[in-house]
Protein chains: 4
Amino acid sequence: MIKIGIIGSTGYAGHELVKRLVGHPEVEIIFLSSNSYENQGFSEVYPALKGVVDNVLIHSEKAIDKFDEIDVLFTALPHGLSFNYVRQAYEAGIKVIDLGADFRLNDKEIFEHWYKTKHLCENLLDSAVYGLPELWKDKIQSSQIVANPGCYTTASILALAPALKFGLVDPYSIVIDAKSGITGGGRKTDLSLMFAECNESVKAYGIASHRHTPEIEQELSKAYGERINVTFTPHLIPMQRGILATCYGTLPAFSTEEEIYSIYRAFYKNAPFVRIRQEYLETRFVKDTNFCDISIRIDIRTKRLIVTSSLDNLVKGAAGQAIQNMNILFGFDEKEGLM
Amino acid sequence: MIKIGIIGSTGYAGHELVKRLVGHPEVEIIFLSSNSYENQGFSEVYPALKGVVDNVLIHSEKAIDKFDEIDVLFTALPHGLSFNYVRQAYEAGIKVIDLGADFRLNDKEIFEHWYKTKHLCENLLDSAVYGLPELWKDKIQSSQIVANPGCYTTASILALAPALKFGLVDPYSIVIDAKSGITGGGRKTDLSLMFAECNESVKAYGIASHRHTPEIEQELSKAYGERINVTFTPHLIPMQRGILATCYGTLPAFSTEEEIYSIYRAFYKNAPFVRIRQEYLETRFVKDTNFCDISIRIDIRTKRLIVTSSLDNLVKGAAGQAIQNMNILFGFDEKEGLM
Amino acid sequence: MIKIGIIGSTGYAGHELVKRLVGHPEVEIIFLSSNSYENQGFSEVYPALKGVVDNVLIHSEKAIDKFDEIDVLFTALPHGLSFNYVRQAYEAGIKVIDLGADFRLNDKEIFEHWYKTKHLCENLLDSAVYGLPELWKDKIQSSQIVANPGCYTTASILALAPALKFGLVDPYSIVIDAKSGITGGGRKTDLSLMFAECNESVKAYGIASHRHTPEIEQELSKAYGERINVTFTPHLIPMQRGILATCYGTLPAFSTEEEIYSIYRAFYKNAPFVRIRQEYLETRFVKDTNFCDISIRIDIRTKRLIVTSSLDNLVKGAAGQAIQNMNILFGFDEKEGLM
Amino acid sequence: MIKIGIIGSTGYAGHELVKRLVGHPEVEIIFLSSNSYENQGFSEVYPALKGVVDNVLIHSEKAIDKFDEIDVLFTALPHGLSFNYVRQAYEAGIKVIDLGADFRLNDKEIFEHWYKTKHLCENLLDSAVYGLPELWKDKIQSSQIVANPGCYTTASILALAPALKFGLVDPYSIVIDAKSGITGGGRKTDLSLMFAECNESVKAYGIASHRHTPEIEQELSKAYGERINVTFTPHLIPMQRGILATCYGTLPAFSTEEEIYSIYRAFYKNAPFVRIRQEYLETRFVKDTNFCDISIRIDIRTKRLIVTSSLDNLVKGAAGQAIQNMNILFGFDEKEGLM
């Protein structure tokens, strides 16, 4: 039984974390913080959880005072806001899982370039591991700071890492076309996220400029062995949750779908949350689960590999993956609380 | 004032055609046919049109008997079912606009390969024009058979034709990732198209195998000047209507967005239904209209051109385009009945 | 040809008004005002209308300066904000159609009680007519101020006025259970109207307290001949637009559905936008139209009349009805620009 | 640990049952039957459960052969199809929970009148209990056949039973206006349930004739003590799941909301799945849960009580309630597997 606290518990990722941790057999929740809803009950903010999670929300400053009562801190804040909490937790010897972007990029310059924000914890970057368990489980086990990956990035990296590692695609030909549900936009009042404005419509955005791009490139470059760039285009889909990433790359040599399937199956043979599938993917197959589904096709006429991947942006793309990381950090079954 | 008949008037494209032609100042409807709903009123099938279009539906065999009363026949049938009607209309000297796929591919072999169906009117293929007015307005004016393009294809071709014609992209690098609303699946009872099965989900399908591929290739090859192949991936989005095509191609030389915008603007300067736009596209901007919107971005880091296009699959992707073709065929203002 | 101006043109009702008036053959738009988007193009706010309505938006103070150029002013503002514009237009001898609530209630006290707002134009209340053409066409013709009814109220009143006028229901037994699409909430950034918060859910709100209640009661009391109260419950439905009102009342005497249908048909025989229908109603049948559909059932086991009505909240429930009123005011065909 | 079998496991209720029973700590699944998908894997029908529930589906005739291996049988079939299975299970001494309608109505005549189907197990009606645990937990404990209530009925009865039992409403004034998600229509290919036909629309149906009416009346009559009839109107809402019932009744005497809240709270004090709430209800608050939320308002101007209730039609309205009944039948914690 471990004791946990969450800073930023009332965003969509925070909510998903709370909902799942409350049923985790190895977890006791010590505090839930929210500066917007301080002193309100969690179930006043999320009425669905009335009678299930009625904890009173505390201010993040008071949360810091309780760091000595917890074993692990989750931070689920917009980028640029986690530095102080992570440092204080780190110095107090507590493990931290940061669902935000502040520790995902190993290179401070790249962070500052894409996020237009000064990085305030450069000295901690070496202590942070990129928390994608399918690639870095060993490192996660022995880390104190886990940078939980983004939603688009998890889908994109899991789809392409094997192909790049085993030379199945030309590394300079990668195009990732991703589709996300609206919760990906976060819990904020923004005209463009209103039902009347985004229902019954699909849109492209952040073309050639989305902040998940350097994160995808960092990890795919590691898989390939050299620095590469990719084209990444996100789209918003009128549904609550789910991501489908359609990933394209040129085949440098003749391959069959069977060969590529074999390589992918071998690559993910110890990954309980990756399902390699024959059929076309639909995001509803992974809704409310921690699975990332992957399906493979070859376009023989154009010599192109097309890998689709799908996951739930709030689960495998955020809270579920954070819990998976917590399970790894503390030696629990990787699937505990996630099936 | 011209007289028209529609065979296959109760599918979604047929319905859209009826709804728009009934308000067209130059058109009188002589018959609406539907074999499934013979002898019922059109507004029994589409109750929204009660009091507006109450015509009784006739069987297509009876429709043929009325060919001598009309100036133009619209056929809106699944592929492989238009041959007989088109030939009879052709022989009767009537103009035909076929919203199906039977006359879109100039090459009988390619048709038979992709549609697994024998082409029964090979001798008429030369008399048919590919009815994309932005490319072939002159030819359409003097044709008797107009093969109205598919929805995905209209979006894809309009997005890429200028780039290929003017050498802006490597022709072997084209990837088209398209997203369509559910009406694209047609009006049929199919488990996968049920609300409870496709709502709140996005899916890829027809990867490297969708029948709109050869149609896109045919027209883009003409634009480029040589035979090319493209990778085309369609997706289904939980919304009624709309298509967004995100099109990728490698830039062979350094170009700026401004240069490319200029070329596109010039290319479409006489096309009243193409809007070249700076902002990101949303399908709701073209909903219920005959516009095709196009927006351009360069990914400078990967030297890739990204052209997005969007249209309403039932209007510019079907019925609206058919009316635009009719306007051209009969010398009306191209926009009549479409604004 | 008349000249019109719109104050508050960028809300959902204003937008719908603009979209429809731009195609009205008897109308020339002189100004569109919006204080939030002053100096921007209308099509920057509503990109769908690029190339169609690109008028530059002016501040409402500047709009007042142009009152001498117009024949009729439309005001489409939240309640409490129209008083000044209506008075100035009235004094300038211009006709006014107010889509807001400020002139709908004949009784200043009732307005102030329900809207918690001081009525600033009490002396104009007698000059204003309740703009429901199916009931008050004669009065509208000779009025200078038309108070365009609310969306829920139009559906409710049209459903029940004949029943109350002809004694078909016990006037003290009326229950109206109404369901509205999300645009009914207006174009404002409110957490409860965000896609992620209201999609895939239905909710009741404003129970026994919604501001459309006194408006319904005012008109149904006139129909019945005595002051009556009704129970009105609105609900929000995850769809863009549409209202379905399910109205219940006890039958004081034995009646058949046929008898009641006859009475309704006779009552609405000159109402081109009311369709009395046998089948169950669906809001999609009236989407984007100015129709109000009505269907009648008797629950013989409980001696209750159940009248359902449906309309598009932005058309017959707002902008379409306003245009219908304009047509009546100026002697145009009532349906002009609305079919 | 008990052993269970399910006949009709691939409908939406069956699927929900499987998904929840597979995680129930006291349950082992012996067989899943489906005549439509015999010999296919459950996860081929529901790909979301790949790797989670891959059991091969057997024909119901083979299921009967396995009755001696199970402790309880769930039947989840359309009405009229459970008789044979229930009788055989009953005779074999196995407990049965029937999610269909065949044993819900105590009176064979009423069943046959509303369902137009002969009742084939009249002699078992006395052995069946109406499985609404909030009303009949004691009887359920000692029954062999549990008739699991319908979805609309659970919402309606829980909303009104206390009011009728304690004389808070005139029993002849009851109107129930209910709104359901599309899964309520079942997993069948029906044109009216296609996405393109029911999205973005709300409709009324089954007015004064829906088959859940006699079931509601049976239970509310028991609560009141005398035979009563109610007006019940169902509506279809464009969302996957959820029911909101808005229930109206005239107050015979002056009451305050506080008094009525007290009575409801006392009535449900031992009901872990009923939440009495102050705020307005939204179906998303109960989505994927076994809760039924209830909220109370008085319309003081019309002396009417308005009780809203909401639940997930596939959980508390079907599979969750069936598991709650199973827990009661076998002496497990009523909430086991349901939180």
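Reply: The account below begins with the interface and then turns to the salt bridges.

This is a predicted model, in which local features need pLDDT of at least 70 and side-chain atom pairs count only at pLDDT 80 or more, while totals for chains, interfaces and linings use all residues. Residues are numbered from 1 along each chain as its sequence is written, chains are lettered from A and ligands numbered from 1 in the order in which they are written, and side-chain values use heavy atoms, with hydrogens and water left out.

Between chain A and chain D, 17 residues of chain A are in contact with 17 residues of chain D (contact means heavy atoms within 4.5 Å). The two chains bury about 1,300 Å² between them, 49% of it from carbon and sulfur atoms; buried area is the accessible area (1.4 Å probe) that two parts lose on being put together, summed over both. Of the area that chain A buries against chain D, 36% comes from Pro47(A), Ala48(A) and Lys50(A), more than from any other three residues. The side of chain A that touches chain D comprises eight nonpolar, one polar and eight charged residues (Ala, Val, Leu, Ile, Met, Phe, Trp, Tyr, Cys and Pro count as nonpolar, Asp, Glu, Lys and Arg as charged, and the others, Gly among them, as polar).

Across this interface of chain A and chain D, zero salt bridges are found, a salt bridge being a side-chain nitrogen of Lys or Arg within 4 Å of a carboxyl oxygen of Asp or Glu. Over all chains, the search of the whole structure finds 92 salt bridges.

One salt bridge joins the side chains of Glu282(A) and Lys203(B), at 3.8 Å from N to O. This pair crosses between chains, Glu282(A) lying in the loop between β11 (274-277) and β12 (292-299) of chain A and Lys203(B) in strand β8 (residues 203-204) of chain B; strands (E, at least two residues) and helices (H or I, at least four) are DSSP runs, numbered from the N terminus. Both Glu282(A) and Lys203(B) are buried (buried means under 20% relative accessible area, exposed over 50%, partly exposed in between; 1.4 Å probe, protein chains only).

Within chain B, Glu219(B) and Lys222(B) form a salt bridge at 2.7 Å, N to O. About one helical turn separates Glu219(B) and Lys222(B), because they are three residues apart in helix α9 (residues 213-224) of chain B. Glu219(B) counts as buried, at 1% relative accessibility, whereas Lys222(B) is partly exposed, at 37%.

Finally, Glu16(A), Lys19(A), Arg20(A), Arg241(A), Asp288(A) and Asp312(A) are linked in a network of salt bridges.
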